[in-house]
Amino acid sequence: MSAMASVVLQKLDGAPWDIEPYLRLGGYEAWRRCVKNEVSRDDIVAEIKRSGLRGRGGAGFPTGTKWDKVLHHRVKERYFVCNAGEHEPGTFKDRYLLKHYPHHLLEGCLIAAYSVESKASFIYINHEYEEERDSLEKAIEEAKARGLMGKDVLGTGVDLELELFSGQGSYVAGEETAMLESMQGRPAMPRQKPPFYPTDFGLYGKPTLVNNVETLCNVPRILRNGAGWFTGIGTETCPGTMLFSVSGAVDKPGIYEMPMGTPLRRLIEEAGGVPGGRKVKAVFPGGPSFAMITADQLDLHMDFDSLKKAGTGLGSAGVMVVDDATCLVAETLRYSEFFKVESCGQCPPCRMGTINLASLMSKVERGEGTQKDLDSLLQLCGFVKGTGYCTLVTGAAVLVQSSLRLFRQEYEEHIALKRCPYQAVAAGVD
Ligand SMILES: Cc1cc2nc3c(=O)[nH]c(=O)nc-3n(C[C@H](O)[C@H](O)[C@H](O)COP(=O)(O)O)c2cc1C
């Protein structure tokens with residue numbers, strides 16, 4: 001682990017979304033070198049590979065490997081899409097980057113699109129992000145006015161446009177193949193994988209590079225400072241920083257950029273700790289699709305591999321803190337409802353599984369559940385886990401499994417008392 005540099009994002013003086021402060025800090029320098037052919041496409045991809053950058057959209061897939069695959073694909077018609085569909089509860093870091101650091105993103109997109117020789121390039125943006133879209137549009141105008149994008153970039157003969165595509169407004173639409181389907185005018189439903197990975201079969205069935213906003217924002221600074229700079233931050237297998245979206249029972253919810261591998265306890269302290277003299281009861285370290293952890297696990301390191309080893313995951317780092325005044329059954333129900341509503345309904349185990357999980361969870365939470373319902377919940381999780389064309393239903397199952405494994409006693413209390421014990425306390429019944 002490197003020293004704890006708390007914030008690594010460059011602080012821009014003046015309005016952060018203007019091009020001037022970005023240029024003063026060496027912004028677009030990496031792009032200029034790429035487009036002027038001072039570095040070859042293979043060199044760019046090799047440097048990204050050496051940096052060990054892993055995708056920040058949830059799966060942590062090695063970015064350089066993906067770029068390599070598209071660049072060297074035998075099919076020459078390729079596409080590039082930046083995924084700014086962000087829709088997961090507890091994750092709001094892409095929104096922050098879009099609004100405050102649009103030029104970091106644009107430069108990352110330009111380099112990515114150029115590197116894979118993309119025929120057409122897009123930024124797929126959550127349709128609710130209006131201010132963020134304005135910020136991005138303004139940044140595009142500024143970049144065009146400086147000849148950094150559009151026709152004949154910096155007099156090199158390279159033409160590169162980035163088109164904004166308004167998202168479908170659903171969680172599943174952020175899954176890359178569902179996103180590509182929706183961009184072709186079809187329902188936003190995931191494709192079956194394998195074989196339909198976007199690097200081989202993407203937009204219009206052609207090789208397509210899809211990367212998350214945060215992943216792409218890392219690209220210019222890696223090329224500017226060198227892969228060695230990046231590997232000096234974070235852990236050996238998860239270099240760099242992560243933008244943690246911290247919410248729930250913390251005094252200062254927000255975005256915290258910290259090195260990968262930062263202990264969870266440190267992150268919660270940075271976010272002001274739990275307010276009102278309350279204690280941490282549970283934490284979702286990677287949003288609602290990964291297992292929760294308990295207060296005795298706060299020394300866990302926040303990176304893809306450490307959390308996977310601990311039986312959970314980092315996802316897109318939507319860290320949700322739950323305090324000891326919160327009913328975990330109600331909290332679990334809330335996200336079970338989310339999964340039910342957001343299931344696209346294409347795969348029967350997901351469609352039926354998320355409905356049944358939410359309905360059983362609701363029954364238990366209302367105080368009408370039985371021991372048999374708890375057994376049914378676990379059985380159902382076992383049935384649906386790992387099914388479906390995307391990971392939505394697996395997330396829904398993991399949520400309930402981890403909640404029941406760690407907080408079974410609260411489920412038992414609901415059954416024994418025939419009501420939610422927490423609501424009773426709040427209403428002064430106890
Ligand atoms: C249900 C679901 C929703 C997703 N939503 C997003 C999203 O909003 N933004 C995103 O970048 N990735 C999302 N992903 C992950 C993408 O499918 C894909 O892995 C990612 O965009 C690749 O970029 P990266 O390699 O830079 O992380 C989602 C995945 C699933 C299963």
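The following questions and answers examine a predicted model and the reasons for the terms used to describe it.

Q: Why is Glu257 called buried?
A: Glu257 is found in strand β6 (residues 254-259). Its relative accessibility is 4%. Buried means under 20% relative accessible area, and therefore Glu257 at 4% counts as buried.

Q: What makes the pair of side chains of Glu257 and Thr241 a polar contact?
A: The side chains of Glu257 and Thr241 make this contact at 2.5 Å.

Q: How do you know whether Thr241 is buried or exposed?
A: Thr241 lies in strand β5 (residues 241-248) and has a relative accessible area of 1%. The limit for a buried residue is under 20%, so Thr241 at 1% is buried.

Q: Why is Ser376 called partly exposed?
A: Ser376 has its place in helix α15 (residues 371-384), and its relative accessible area is 21%. Buried means under 20% and exposed means over 50%, with partly exposed in between. The value of 21% falls between these limits, so Ser376 is partly exposed.

Q: How far apart are Ser376 and Leu360 in sequence and in space?
A: Ser376 and Leu360 are 16 residues apart in sequence, and their C-alpha atoms are 8.3 Å apart in space.

Q: What is said of helix α9 as to how far it is covered?
A: Helix α9 (residues 213-225) is mostly covered, since eleven of its 13 residues are buried. Among them are Val213, Glu214, Thr215 and Leu216. At the start of α9, a side-chain oxygen of Asn212 reaches to within 2.8 Å of the backbone nitrogen of Glu214. The residue that follows α9 is Gly226, whose phi is positive, near 90°.

Q: Which residues touch the most other members of the largest nonpolar core?
A: Trp31, Trp67 and Leu106 do so, in a core of 53 residues. Helix α6 (residues 102-115) supplies the largest share of this core, eight residues. Apart from it lies another core of 38 residues, including Met292 and Phe339. In soluble globular proteins, nonpolar side chains tend to be buried together.

Q: Which residues does Trp67 touch beyond four places away in sequence?
A: Among them are Ile44, Val45, Ile48, Ile111, Leu209 and Val219.

Q: How many residues surround the ligand, and which are the closest?
A: There are 17 residues around the ligand, and the closest are Gly57, Lys66, Glu176, Asn212 and Thr215. The shell divides into two nonpolar, ten polar and five charged residues. Strand β4 (residues 208-212) gives the most to this shell, with three residues.

Q: Why is the phi of Glu117 worth noting?
A: Most residues other than glycine have a negative phi, and most peptide bonds are trans. The phi of Glu117 is near 55°, a positive value in a residue other than glycine. Glu117 has its place in the loop between α6 and β2 (118-125). With a relative accessible area of 41%, Glu117 is partly exposed.

Q: Where is Ala317 found, and why is Ala317 called buried?
A: Ala317 is found in the loop between α12 (304-309) and β11 (318-323), and its phi is also positive, near 60°. Its relative accessibility is 0%. The limit is under 20%, so Ala317 counts as buried.

Notes:
Residues numbered from 1 in each chain as written. Predicted model: local features only at pLDDT ≥ 70, side-chain atom pairs only at ≥ 80, totals over all residues. Heavy atoms only, no water. Near = heavy atom within 4 Å. Helix = DSSP H or I, 4+ residues; strand = E, 2+ residues; numbered from the N terminus. Nonpolar A, V, L, I, M, F, W, Y, C, P; charged D, E, K, R; others polar. Core = buried A, V, L, I, M, F, W, Y, C linked by side-chain atoms within 4.5 Å. Buried < 20%, exposed > 50% of the residue type's maximum accessible area, 1.4 Å probe, protein only. Contact = heavy atoms within 4.5 Å. Polar contact = N/O pair within 3.5 Å; in protein donor to acceptor, adjacent residues only side chain to side chain.
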